[in-house]
Structures are given as structure tokens and as C-alpha cells.
Amino acid sequence: MTWSELPGGLDLDDVEARLAAGRNLPTQTYVRPEFHEFELDAVFTDCWQYFTPIHRVSEPGSVATGMVGRTPIVVVRGDDGELRGFVNACRHRGYRVANDGHCARIQCGYHGWIYGLDGSLRRTGKAESDLSIVKDDLGLLPVSVDTFAQGVFVNPTPDAGTLADAFPGIHEVGAEIGIDADPERYTPFTTYRVEQASNWKLWYDNGTECYHCPTVHKDSFGAAYDTTDGELFFSTREGYSSSHFDPAPNADGLVGSGYRSIQFFPGTQFIQQDDIMIMARVIPLGPDRCAFQADYLAERGSDPERVEEWAKLWSQTYDEDGDIVETIQQNLTSGRIDELIYVDEIEDNSRFFHRLIWDRYRAHVA
Ligand code: FES
Ligand SMILES: [Fe+2]
């Protein structure tokens, strides 16, 4: 759905001035329901989101389901080895057609219509006699699918092109910063999922800067990696950023070979180190509610106890982040906090993503 005007009477010049001064989008965009609805349309309908580890859909007939923005998605590996994605809704009366797992064909659980793994409608049971139902016109509705490293990405828009169209140079940059794209290197280990009483933008803000790492994560991420001045970098490019940290000089026990990550707009984060890899995304659920889901993968051949230790460290890190964003959400809701300040250079990465969100706002009412 397109909108004829920005919700809440937002003033273009006012928002531009705020962003130029390193301030956040207006506070109402974090708390009012109409902005949640607007962002689902403007930000989360034509966007690439990390969806699932590639390993979950490696065999013909393997199926993964989930939501991207408003759109229910099913991704399936065909008999021909192709990965395809569809809207997870039957063309008969709109029921869900697939669940996670494995199947030889996709059968809707409502009235039993049957689709091939390529999405084509094959059988309609008793409806075969209804000549108004033209099977060729009633295949599952396509969405766009691509992969990066060990992850499957989905864009609900059917003709979105490739991930590299949206994020130019992404595969080259991944290789340049040391992200290993070999799907065999890691295998799924566990999933961390949490629902937070916070707007998704707060979670995203927090995850795209590490100014807070030495304080908030001093006993977790900040103990394993050197997050003090000069030892980290964020580099922003069109639609994504990459970051790197060196191991903390005094880390005892858990010392990684380095931290490499990519943040994809809007809300996906990939982290790769030795032993463990994390592929995560934030999912907007309401003006003051979001989910954060992180798939942890273990490096093949790594020590399971060490992977377990890393997983604990990462989960503690995310728990700490959750407390931060919920508290800020509460404080924004008080009506007394009109703006948040993003510090020049140190928090430029968050500023960059605010700008991308705002670009989507403007484009959606143009
Ligand atoms: S809704 Fe799927 S068969 Fe009726
Ligand atoms: Fe954090």
C-alpha cells in the first residue's frame, strides 16, 4: 500500500534538520501505531531480510517458513535444486500452504489443493470440475530469494533482482573483510529468539554502534573484543555497513581470531568469527514491540564446549541489549524525551541507518 502523505503530519524540513544535526527520527515514529503500519509498507515490503540458514533448505523438498514484514513466506528447495520463495498463502481461500519441514509436494491443509515444489498448482480435488479455475493462473505467488554466505535472504517483492543489486559489491566486500562464504564451514547450532517491548528502530540503533560496548557489555562482548577507541571500525556503504574488532588484549579463555560483521538495511546482522557464526534480524511486531532472532552456527570441527561458551557470551550480550532498548522505549513513551543524540563519528553508523529509513519514508509518499 502506498501512502498519500507521511503519517503524523511530519514536516520534511524539520526531520531533515534533525537528522543533519545527528538526532533521531521524531519520537512519535517510535511510539505511534500509524508509524508501525507505515514502516511495514515503506521499509519492510520491498526489502531483503535474512530468513534462514541455508542448511535448513539444502535438500530437495526442504521447506522453511516465516514472516517478512506483513508477508508470510515459504522458501523451498525444488527437485531441480533451485531455491524458490512464495507467499505462504493458498490461491483458493488464502490458508497457509506450508509448514517447516520436508515434503514431496506442497499441500494446503484447508481443502487439500496441491502445489509442486516449483509453486505450480497441480491438483484441486473436487474443484477439478469447476471450469473457472485455471490452474496455470493459480500458482503460488512468487517472492525473491537469494543467498549470502551461509544465509538465505528473502525480499517479499517478486521482481526484486538480486541481493547484490540492492547492496552493490556485497559479495566482494564480504570476501575483503574476511567473511567466509563456504556453506560447509558452519552448521546450525541453536537459535536465540526474544521479544522486546521496544520499537525495532531502537534495537537496530543499538546493534549498529559499539560506543556502548565497553559499558553495557563489559562482562560479555566487551570482555572478548577490544571495543575501546581506535580498535573498531564501521564502514558504511550503500545499504549496508561492515565492522571489525580485534580480540581484547587481556581476554582470558575466549579469544577469537577477530570479529567480522555486516549490517544489512533494515535490521539484518551477520557476524562471523572462528568457532561460531551468527545470522540475525530484528522483526517489527508493533510500535513498541519487536522480536530479535539470531541463528547461531558452529564451525565444523570446533570444540563444542567452546562453541557453547561463545553462545552464552552472545546471548548474555543480547540480553544486555534488550534491557537497554526496553528502558529507552519506556522513556520515549513518557513524552518528555523529544530527541536522542547520535554522536559525530562514534555513532555515524546509526546515523547512516536513520538516513536510510528516512529515505524510505520520503520515497513511499513521493
Ligand atoms: S484454502 Fe487451500 S485448499 Fe482451500
Ligand atoms: Fe550491544
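Is E172 buried or exposed? E172 counts as exposed, because 10 C-beta neighbours lie inside 10 Å; a residue is buried if 20 or more other C-beta atoms lie within 10 Å of its own, exposed if 12 or fewer, and partly exposed in between, with C-beta atoms placed from the backbone.

## Basis of the report

This is a predicted model, in which local features need pLDDT of at least 70 and side-chain atom pairs count only at pLDDT 80 or more, while totals for chains, interfaces and linings use all residues. Residues are numbered from 1 along each chain as its sequence is written, and chains are lettered from A and ligands numbered from 1 in the order in which they are written.

## Overall architecture

The chain contains 10 helices and 18 strands. Helices (H or I, at least four residues) and strands (E, at least two) are DSSP runs, numbered from the N terminus. The C-alpha trace spans about 70 × 55 × 35 Å along its principal axes.

The radius of gyration of the chain is 22 Å, which agrees with the value near 21 Å that a compact globule of 366 residues would have. That radius is taken over C-alpha atoms, and the globule rule is 2.2 Å times the number of residues to the power 0.38. Of the 366 residues, 41% count as buried. Among contacts between residues at least 6 apart in sequence, 61% join residues at least 24 apart; two residues are in contact if their C-beta atoms, placed from the backbone, lie within 7 Å.

## The crossing of α6 and α9

Helix α6 (residues 200-207) and helix α9 (residues 304-333) have axes that come within 9 Å and cross at roughly 135°. The angle makes α6 oblique to α9. Axes are lines fitted to C-alpha atoms, for helices over the stretch in contact, and angles run from 0 to 180 degrees between N-to-C directions. Angles under 35 degrees count as roughly parallel, over 145 as roughly antiparallel, 65 to 115 as roughly perpendicular and the rest as oblique.

The crossing of α6 with α9 is right-handed; a crossing is left-handed if the near helix is turned anticlockwise from the far one by less than a right angle, and right-handed if clockwise. On the α6 side, the contact is made by L202, W203, N206 and G207. On the α9 side, D321, I324, V325, I328 and Q329 take part. By class, the contact of α6 with α9 has 5 nonpolar, 3 polar and 1 charged residues. Here Ala, Val, Leu, Ile, Met, Phe, Trp, Tyr, Cys and Pro count as nonpolar, Asp, Glu, Lys and Arg as charged, and the others, Gly among them, as polar.

## Backbone exceptions

Most residues other than glycine have a negative phi, and most peptide bonds are trans. A149, which is not a glycine, has a positive phi of about 50°. A149 is found in the loop between β9 (142-148) and β10 (151-155), and counts as buried, with 23 C-beta neighbours inside 10 Å.

D275 also has a positive phi, near 75°. The loop between β16 and β17 (276-286) holds D275, which is buried, with 22 other C-beta atoms within 10 Å. A cis peptide bond joins F265 and P266, with omega about 0°. P266 is placed in the loop between β15 (259-264) and β16 (268-272).

## Individual positions in helices

E172 is found in helix α5 (residues 170-176). The C-alpha atoms of E172 and Y225 are 25 Å apart in space, and the two residues are 53 apart in sequence.

A164 belongs to helix α4 (residues 163-166) and counts as partly exposed, with 13 C-beta neighbours inside 10 Å. Not counting residues up to four places away in sequence, A164 touches I170 and H171. Between A164 and M67 the C-alpha separation is 22 Å, at 97 residues apart in sequence.

## Individual positions in a loop and a strand

D80 lies in the loop between β3 (71-77) and β4 (83-87). With 9 C-beta neighbours inside 10 Å, D80 counts as exposed. D80 and L117 are 37 residues apart along the chain, and their C-alpha atoms are separated by 9.4 Å.

G286 lies in strand β17 and counts as exposed, having 12 C-beta neighbours inside 10 Å. G286 and W113 are 33 Å apart, C-alpha to C-alpha, and 173 residues apart in sequence.
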